[in-house]
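User: I would like to learn how to read the helices, salt bridges and contacts of a model such as this one. Could you take me through them one feature at a time?

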Amino acid sequence: MANAASFCDDVWSRAAKLVRAIHEHPFNTELEAGTLDRGRFAFYIVQDARYLVAFAKALATASTRATDPDEAAFFAQSAHTAIVVERGLHAGYIEEFGLTEADLEGIVTSPTCLGYSSYLQATALAEPYPVLVAALLPCFWVYQDVGSALLERTRDVTGHPYRAWIDTYSDPEFAKSVERIKRIADEHAASAEPPVREAMTAAFLRATEYEWLFWDSAYRRETWPTAQWLS
């Protein structure tokens, strides 16, 4: 069997160029500089709030599928955090930007948001539990990695317009959650048969791709190109 500590090291190494591309994406470089267009960030916040509903459901499914009580408790608490803490962050920005319910309803769920949400929910229902863990991992790890890097480079900037976002994902308590799910992934990968471990790797990389796509779709304010043919 593979070394229990090697799964996360392996997939993070495989995803290194993609993670670097996420850090270097204009959405995140402009967010760091405080110059990110408010319209792009508002679009992102709305899409992310919708994605978090699906993410929380996938976490809750992981909780019900976990056979270890501590793992079940971790995923249940994470589902609660996704809804309460992160959506609270979104609500704060939505209020700050003065977006009304009509404004929110007018923003259509993007193809990428729907795709990522659907991928996680399908994985939660159809794939082995360790594969679900691997698919959930990037949303923890990549956000913490980006948030921590942004904090280091903006720590001395006063009045940063996206300080609340940066602080949320660079928070030490969030970092503890990331380390916990990494341990869970490593432990399950260590005892997994080769096909399951390969599926875990594929799920981690696919979800990391979706992370890049999500930021990119927000920057482009992605729409459905087929909408022109629908009344």
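Analyst: Let us begin with the terms for a helix: helices (H or I, at least four residues) and strands (E, at least two) are DSSP runs, numbered from the N terminus, and the expected span of a helix is 1.5 Å times one less than its number of residues. This is a predicted model, in which local features need pLDDT of at least 70 and side-chain atom pairs count only at pLDDT 80 or more, while totals for chains, interfaces and linings use all residues. Residues are numbered from 1 along each chain as its sequence is written, and side-chain values use heavy atoms, with hydrogens and water left out.

User: What span does helix α11 reach from its first C-alpha to its last?

Analyst: Helix α11, residues 194-220, has 27 residues and reaches 39 Å between those two atoms, close to the 39 Å expected at 1.5 Å a residue. The residue that follows α11 is R221, whose phi is positive, near 50°.

User: How are two packed helices described, and at what angle do the axes of α3 and α11 cross?

Analyst: Two packed helices are described by the angle between their axes and the distance between the axes. Axes here are lines fitted to C-alpha atoms, for helices over the stretch in contact, and angles run from 0 to 180 degrees between N-to-C directions. Angles under 35 degrees count as roughly parallel, over 145 as roughly antiparallel, 65 to 115 as roughly perpendicular and the rest as oblique. The axes of α3 and α11 come within 8 Å and cross at roughly 70°, and the two helices are therefore roughly perpendicular to each other. Contact means heavy atoms within 4.5 Å, and it is made here by P26, F27, N28 and E30 of α3 together with W215, A218 and Y219 of α11.

User: How many salt bridges are there, and which residue forms one with E32?

Analyst: A salt bridge is a side-chain nitrogen of Lys or Arg within 4 Å of a carboxyl oxygen of Asp or Glu, and by this rule the count comes to ten. E32 forms one of them with R153, the closest N and O atoms being 2.9 Å apart. This pair links distant parts of the chain, since E32 lies in helix α3 (residues 26-33) and R153 in helix α8 (residues 129-154), 121 residues apart.

User: Which residue pairs with R220 in a salt bridge?

Analyst: The partner of R220 is D216, with the closest N and O atoms 2.9 Å apart. Both residues lie in helix α11, four residues apart, about one turn of the helix. R220 is partly exposed, with a relative accessible area of 47%, whereas D216 is buried, at 14%. Salt bridges that share partners join D216, R220 and E222 into one network.

User: Which residues are in contact with T112, leaving aside its neighbours within four places in sequence?

Analyst: T112, found in helix α7 (residues 111-126), is buried, with a relative accessible area of 8%. Its contacts are Y210, L213, F214, S217 and E222, once neighbours within four places in sequence are left aside.

Note on methods
Buried < 20%, exposed > 50% of the residue type's maximum accessible area, 1.4 Å probe, protein only.
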